[in-house]
Amino acid sequence: MDQVTRSTKQIGTFILYTFLISWLSWSIIIVGNTYFDALWYGQPLFWIPMLIGGLGPAISVFIIYRKSKQEFKEKSFLRFVFYQKLDRRAWLIFIAYLVWRFSMVWFAFGISEPIAIIYLFINLPLFVLGGGFEEIGWRGYLQPLLEKRTNYIVSVLLVGVIWGIWHLPLWLIIGTVQSALPFGLYMLLAIILSVTFTAIYKYTKSILLCVLSHAWFNGCIGLAVYIGSSGYLQLNLSWKVFLVFTIEFVVSLILAIRIVSQRKKSNFASIGEPIESN
């Protein structure tokens with residue numbers, strides 16, 4: 001089997017497993033709401049299928065690892081996720097992202113209470129479990145595979161679109177943040193965040209820091225979410241929100257393209273090919 005065929009099969013297998021696990025889990029909630037007046041948002045039993053669905057990308061990668069360990073350089077799945085050497089630049093990029101994200105929420109949503117930071121750190125493990133671990137699949141597995149088949153821009157946009165579509169059943173579950181937002185707007189957000197998290201992955205080479213960055217995003221946005229008159233979660237959007245996400249998209253895209261270009265030049269140099277000057 002040639003490399004192109006193998007990578008295509010890997011991509012298809014991951015997407016198939018991820019959508020089956022997540023959509024079937026979330027369908028249990030939808031069926032419970034529709035036909036049995038059960039599993040409503042916030043109820044204890046609701047969180048079991050909800051979390052299993054959210055862990056779909058990570059579970060899929062683990063299944064693939066168990067079936068095809070030779071695809072992974074690391075000897076164990078835990079090393080694949082957690083064991084990447086982090087240099088000073090990686091930590092600086094990660095810390096800069098944490099500061100930016102909280103500053104963005106403070107500016108765009110008016111969240112400025114000191115207690116908010118305490119809330120974030122206390123609940124960070126929950127945000128890791130309920131969102132952060134998605135990155136094992138999206139940035140840790142799917143993104144590198146797609147980049148082998150196409151260029152960086154196309155691959156990161158494809159991951160964003162697939163990621164957005166993957167969330168689609170959540171619009172049928174009353175009470176989720178997604179159900180309070182237009183799907184088109186959420187798809188745009190997924191693409192922007194795909195660019196952001198991929199840029200972090202490019203600079204840090206760390207799935208773990210992507211996991212923590214995703215969890216931090218969920219935590220920061222969680223500070224801006226409130227319970228509306230309907231009794232469900234709501235999120236107010238203003239021009240400030242669109243402004244900060246536009247800035248984030250442009251900066252993340254420039255940074256990622258820059259490092260991809262640098263690595264290509266380095267690879268050319270390492271095999272004796274001439275480097276074109278700008």
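Here are some questions and answers about this predicted model.

Me: How many helices and strands are there in the protein chain?
Reply: Read along the sequence, the pattern goes α-α-α-α-α-α-α-α-α-α-β-β-α. Counting those elements up gives 11 helices and two strands.

Me: What percentage of the residues in the protein chain is buried?
Reply: To count as buried, a residue needs under 20% relative accessible area. The chain has 278 residues, and the buried ones make up 46%.

Me: How many salt bridges does the count come to?
Reply: The rule asks for a side-chain nitrogen of Lys or Arg within 4 Å of a carboxyl oxygen of Asp or Glu. R101 with E248 is one of the pairs that pass, at 2.6 Å, and K202 with E147 is another, at 2.7 Å. The count comes to three.

Me: How many residues apart in sequence are the parts that R101 and E248 tie together?
Reply: These two form a salt bridge, with the closest N and O atoms 2.6 Å apart. R101 sits in helix 5 and E248 in helix 11, so the pair ties together parts whose separation in sequence is 147 residues.

Me: Are R101 and E248 buried or exposed?
Reply: Buried means under 20% relative accessible area, and exposed means over 50%. On that scale, both R101 and E248 are buried.

Me: Which helix holds both R139 and E135?
Reply: R139 and E135 form a salt bridge, their closest N and O atoms being 2.6 Å apart. R139 has a relative accessible area of 0%, so it's buried, and E135 is buried with 0% too. The two are four residues apart, about one turn, within helix 7.

Me: Which helices are linked by the salt bridge of K202 and E147?
Reply: The side chains of K202 and E147 meet at 2.7 Å, N to O. This pair links distant parts of the chain, 55 residues apart, with K202 in helix 9 and E147 in helix 7.

Me: Which helix gives the most to the nonpolar patch?
Reply: The patch covers about 680 Å² and is made by W106, F107, W239, L243, I247, V251 and L255. Helix 5 (88–109) and helix 11 (239–270) each supply at least two of its residues. With five residues, the top contributor is helix 11.

Me: What is the relative accessible area of L243?
Reply: L243 is one of the residues that make the nonpolar patch, and its place is in helix 11. Patch residues need over 30% relative accessible area. L243 is partly exposed, at 36%.

Me: Which helix supplies the largest share of the lining of the largest pocket?
Reply: The largest pocket has a volume of about 1,300 Å³. Of the 44 residues lining this pocket, the closest to its centre are G130, V177, Q178, N218 and I221. Helices that each supply at least two lining residues include helix 6 (115–129), helix 8 (152–166) and helix 10 (207–224). The largest share, eight residues, comes from helix 9.

Me: How many charged residues does the lining of the largest pocket have?
Reply: The charged class takes in Asp, Glu, Lys and Arg. By class, the lining has 32 nonpolar and 11 polar residues, and the charged count is one.

Me: How far apart in space are I29 and W40, C-alpha to C-alpha?
Reply: I29 lies in helix 1 (residues 3–35) and counts as buried, at 0% relative accessibility. In sequence, I29 and W40 are 11 residues apart, while in space their C-alpha atoms are separated by 7.5 Å.

Me: Where does K205 lie?
Reply: K205 isn't a glycine, yet it has a positive phi of about 55°. It counts as exposed, at 52% relative accessibility. Its place is the loop between helix 9 and helix 10.

Me: What is the phi of D37 near?
Reply: D37 lies in the loop between helix 1 and helix 2, and it's exposed, with a relative accessible area of 58%. Its phi is positive in a residue other than glycine, near 50°.

Definitions and conventions: Residues numbered from 1 in each chain as written. Predicted model: local features only at pLDDT ≥ 70, side-chain atom pairs only at ≥ 80, totals over all residues. Heavy atoms only, no water. Patch = residues over 30% accessible without salt bridge, like charges linked within 9 Å, V, L, I, M, F, W, Y side chains within 5 Å. Areas by Shrake-Rupley, 256 points an atom, 1.4 Å probe, with all protein chains shown as cover. Buried < 20%, exposed > 50% of the residue type's maximum accessible area, 1.4 Å probe, protein only. 1 Å grid on protein atoms, 1.4 Å probe; cavity = no way out; pocket = protein on both sides within 12 Å on 5 of 7 lines; lining within 4 Å. Points joined across faces, edges and corners; volume = space filled by probe spheres on them.
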